[in-house]
Structures are given as structure tokens and as C-alpha cells.
Amino acid sequence: MLLNMRDLLAVARANQFAVPAYNISSNMLLTGAVEAAEAADAPVIIAIHPDELAFVGTAFVAMALEMAHEASVPVVIHLDHGSSLEQVMGAIRAGFTSVMIDKSMLPLEENIAACRQVTELAQAVDVSVEGELGTIGELDEEAEAGADEVVFVNPDEVKRFVDATQVDTLAVAIGTSHGLYPKDMKPEIRLDLLRDISATVDIPLVLHGGSGNPDAEIAQAVALGICKINISADMKSAFYLKAREVLNNPILREPSSIYPPCIDAMKVVCRQKFDLFSTTGKAALY
């Protein structure tokens, strides 16, 4: 069942759960995410970053859309961290049902203007739009691009931004980072900021960089209004750790021999996220 983000997260917000957005850059990861969602009877978001889209090509999007249509659970195909109008429009033409325009590095008024331009175009064709306030950190060279330091969202700017842009969802920088945290670094979500933001706007909020944060904090964030959580490093790490193990067998060469155990390892992480975000079983609400 293919949906846009607005319709998917309206249900999540009304029922106080969050939907994981898995960053996907291969057929194996796509298969694992959709199969995990169906096994959990949970809605799911397939997120594709522009760098990932450049790698897999637009033909991959057609395959993802076909899988979404055939899935027994709600699925959104989402452009993650689009940085330009050209990227966003390319995604819409390719069939994405949701797009993110990330101009969070710009001054507030420029961010507002860029997001408003995208909402006017995208929402006219029933494609939902995500914006971002504040900046997400970047922890390692394999992570999606982020800032050297997290710039926390200013709660006083949130309502103005949402009213001016009419975005359907808003990513808020409250202390998370892209990538995997080093062992000596303790991640901490500013739940006080999230509480203030949730009190000022009535749209679903998004948490980027959801890998590696303490489960208790993530659960509290969901209770306070986070309805979408981006997951990439946790899930991919599980997949490729198993791949390294499987490839210790020098005889194996067929993808059908190598990848199924990797997909299974990834699905264990996905299932844990569905449970943690209270998404398990929620497909019945749609």
C-alpha cells in the first residue's frame, strides 16, 4: 500500500507511535525493510538519500514503488535530505511520494523561502514535504553529510517556520547525529527542547540520526511527539557485519547464497526498531 508521508504520519501522531525510515541503497536492503515491516504488520518508510539515488539509479525507484504497491502494509517512498529544487523535482518525477528539502544550514528566512517553494510545487501533486530546523551532526566518514557540531533547534522559530512553509513534517535537531557513536561518546537527546516544540505545533516531528541513541530516550521522544525516526547505520552495520562473516567462505559466489543471511541480520534490527517505536501491529490502523 503506497502512501505519502502526510497520510502515514497523521495516523502515527493520532496513535502515539513512530515509523522508522530506513535509508536504502540496494535491492537487498529494500527487500529486508519491506519484509521486516510485513512480518511486524507495521508501516514503513523507504528513505533514499540523493547520494544513494545516484548510486542505485531511478530504475531502482520504479522497483521500490512496485514493492510498495504490492506490500501488505503502508509504505512511503521518501527523498531524504534533498538539497536543491532540482533534486526534489527529479524525485517527484521519479514517483517519490514524499520529499525532504533540507536548507537548515541557511539563515531562517532563506530556509523558509526554499521550503515554501517546494511545498507549493509538491503538495499540488499530493507529494508531502519535510523541512528541517537546526543541524544534525556527522560522526564518521560513512555517515550522511551533517554539521561538525549540532546546532539545536530554536523552539521560538518552529511555529513561524511551519506556518510560513506549510511543511507536512519537520525534522528538529535535538542532539542526534548521523552515523555510529564512538564508544567514548554518550549521545543525549534534549527532551526538554522536544517538549517545548511539541507544545507549539501540531504536525508530526522527525528525528534524524536515530541509530545508537539509548532506547529509553527514543521511547520518550516518541511519547513527546516524534512520529518518524531515520535509521541507517544500525541496520546497514548489521547487514554488512554478517556479509563479512559469510564471505569468509571462499567458495560462495552466488548472491542467492551470500545475501539471505545478511538480510535476516538486518531484519533483526528492523524488528527491534518497530517494537521500540511502538510501530508493530499498527498497519491495521490504515
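A: Let's start with a cluster: Arg-6, Asp-7, Asp-126 and Asp-168 are linked in a network of salt bridges. A salt bridge here is a side-chain nitrogen of Lys or Arg within 4 Å of a carboxyl oxygen of Asp or Glu. Side chains of opposite charge can pair when their charged atoms come close. Searching the whole structure turns up 13 salt bridges.

Some ground rules before the pairs. This is a predicted model, where local features need pLDDT of at least 70 and side-chain atom pairs count only at pLDDT 80 or more, while totals for chains, interfaces and linings use all residues. Residues are numbered from 1 along each chain as its sequence is written, and side-chain values use heavy atoms, with hydrogens and water left out.

Now one pair in detail. Glu-109 and Arg-160 join their side chains in a salt bridge, with N to O at 1.8 Å. Glu-109 sits in helix H6 and Arg-160 in helix H7, so this is a link between distant parts of the chain, 51 residues apart (helices, H or I, are DSSP runs of at least four residues, strands, E, of at least two, numbered from the N terminus). Glu-109 is partly exposed, at 44% relative accessible area, and Arg-160 gets that label too, at 45%. The scale goes like this: buried is under 20% relative accessible area, exposed is over 50%, and partly exposed is in between, with a 1.4 Å probe and protein chains only.

H6 (residues 108-122) and H7 (residues 155-165) pack at an angle of about 35 degrees, and their axes are 8 Å apart. Axes are lines fitted to C-alpha atoms, for helices over the stretch in contact, and angles run from 0 to 180 degrees between N-to-C directions. The crossing of H6 past H7 is right-handed, meaning that the near helix is turned clockwise from the far one by less than a right angle. On the H6 side the residues are Leu-108, Glu-109, Asn-111, Ile-112, Cys-115, Arg-116 and Thr-119, and they meet Glu-157, Arg-160, Phe-161, Ala-164 and Thr-165 in H7 (contact is heavy atoms within 4.5 Å). By class, this contact has five nonpolar, three polar and four charged residues. Ala, Val, Leu, Ile, Met, Phe, Trp, Tyr, Cys and Pro count as nonpolar, Asp, Glu, Lys and Arg as charged, and the others, Gly among them, as polar.

Lys-103 lies in the loop between strand E4 (98-101) and H6, and is partly exposed at 21% relative accessible area.

Two more pairs. Glu-35 and Lys-267 form a salt bridge at 2.9 Å, N to O. Glu-35 lies in helix H2 (residues 27-40) and Lys-267 in helix H11 (residues 255-276), so the pair ties together parts that are 232 residues apart in sequence. Glu-35 is partly exposed at 34%, as is Lys-267 at 22%. Arg-190 and Asp-192 also meet in a salt bridge, at 2.8 Å, N to O, with Arg-190 partly exposed at 32% and Asp-192 partly exposed at 36%.

For context, the protein has eleven helices and ten strands, and buried residues make up 55% of its 286 residues.
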